[in-house]
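Work through the exercises below with the model open beside you. Try each task before reading its solution.

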Amino acid sequence: MSVATTDSYITAHEKAVEGICKAFVAANAFILNPKNRDVVIRVLGKYLRADRSDTLDEHYKAALENAEKKPFVSMEAIASMIHLMAVSDPEVGRLKAESVVYKGIMERIDRSGFIDQLYRP
């Protein structure tokens with residue numbers, strides 16, 4: 001999961017950004033809960049405009065394989081993106097992943113126990 005915004009927006013609207021992050025994390029937990037499989041597949045079908053159950057089941061399984069309970073930004077993925085973008089814009093190549101990712105809000109959400117609570121029976 002990633003939310004892209006500016007430092008100034010985070011500073012001015014930190015509670016809103018935190019709420020958005022919590023909503024993404026809660027939605028992720030909903031998707032990962034096997035009890036919600038039928039609902040998730042129905043929503044996938046609606047928004048992917050698909051009605052073949054075998055295809056939708058494949059999409060659902062792919063979502064499960066790629067979703068993480070604690071969806072922190074992958075610094076390796078950001079570094080790869082910077083590397084790829086540097087091909088067309090060498091200035092981007094000077095950036096470090098750590099300089100463009102603010103993990104404070106997600107770390108605070110995690111420390112609060114919010115994420116773990118979503119996965120308790």
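Predicted model: local features only at pLDDT ≥ 70, side-chain atom pairs only at ≥ 80, totals over all residues.

Residues are numbered from 1 along each chain as its sequence is written, and side-chain values use heavy atoms, with hydrogens and water left out.

**Exercise 1. Find the residues of the largest nonpolar core and the elements that give two or more residues to this core.**

Step 1. A nonpolar core is a set of buried Ala, Val, Leu, Ile, Met, Phe, Trp, Tyr and Cys residues joined through side-chain atoms within 4.5 Å. Buried means under 20% relative accessible area, exposed over 50%, and partly exposed in between (1.4 Å probe, protein chains only).

Step 2. List the members. The largest core has 9 residues: Ile 10, Val 17, Cys 21, Val 25, Ile 105, Met 106, Ile 109, Phe 114 and Ile 115.

Step 3. Assign elements. Helix H2 (14-32), helix H7 (104-111) and helix H8 (114-118) each give two or more residues to this core. Helices are DSSP runs (H or I, at least four residues), numbered from the N terminus.

Step 4. Check for another core. A second, separate one holds 6 residues, among them Met 75, Ile 78, Val 92 and Val 101.

Step 5. Probe one member. Beyond its neighbours within four places in sequence, Ile 109 contacts Glu 18, Cys 21, Lys 22, Phe 114 and Ile 115. Contact means heavy atoms within 4.5 Å.

**Exercise 2. Locate the nonpolar patch on the surface and the helix that gives the most to it.**

Step 1. Patch residues have over 30% relative accessible area and no salt bridge; nonpolar side chains (Val, Leu, Ile, Met, Phe, Trp, Tyr) are joined within 5 Å, like charges within 9 Å. Areas come from the Shrake-Rupley method with a 1.4 Å probe, and for residues only the protein chains shown count as cover.

Step 2. Name the patch. Phe 30, Val 39, Val 43 and Tyr 47 together have about 390 Å² of accessible area.

Step 3. Assign elements. Helix H3 (residues 37-48) gives the most, with 3 residues. Phe 30 sits in helix H2. Phe 30 counts as partly exposed because its relative accessibility is 38%.

**Exercise 3. Which salt bridges does Glu 18 form with Lys 15 and Arg 108, and what network do they belong to?**

Step 1. Define the pair. A salt bridge is a side-chain nitrogen of Lys or Arg within 4 Å of a carboxyl oxygen of Asp or Glu. The whole structure has 10 salt bridges.

Step 2. Take Lys 15. Its side chain meets that of Glu 18 at 3.9 Å, N to O. Both lie in helix H2, 3 residues apart, about one turn of the helix. Glu 18 is buried because its relative accessibility is 11%. Lys 15 is exposed, at 66%.

Step 3. Take Arg 108. The closest N and O atoms of Glu 18 and Arg 108 are 3.0 Å apart. This pair links distant parts of the chain, helix H2 and helix H7, 90 residues apart. Arg 108 is partly exposed, at 30% relative accessibility.

Step 4. Compare with another bridge. Arg 94 and Glu 91 meet at 2.4 Å, N to O. Arg 94 is exposed at 61%, and Glu 91 is partly exposed at 49%.

Step 5. Salt bridges with shared partners join Glu 14, Lys 15, Glu 18, Lys 22 and Arg 108.

**Exercise 4. How far apart in space are the C-alpha atoms of Ala 23 and Leu 118?**

Step 1. Read the separation. The two C-alpha atoms are 11 Å apart, across 95 residues of sequence.
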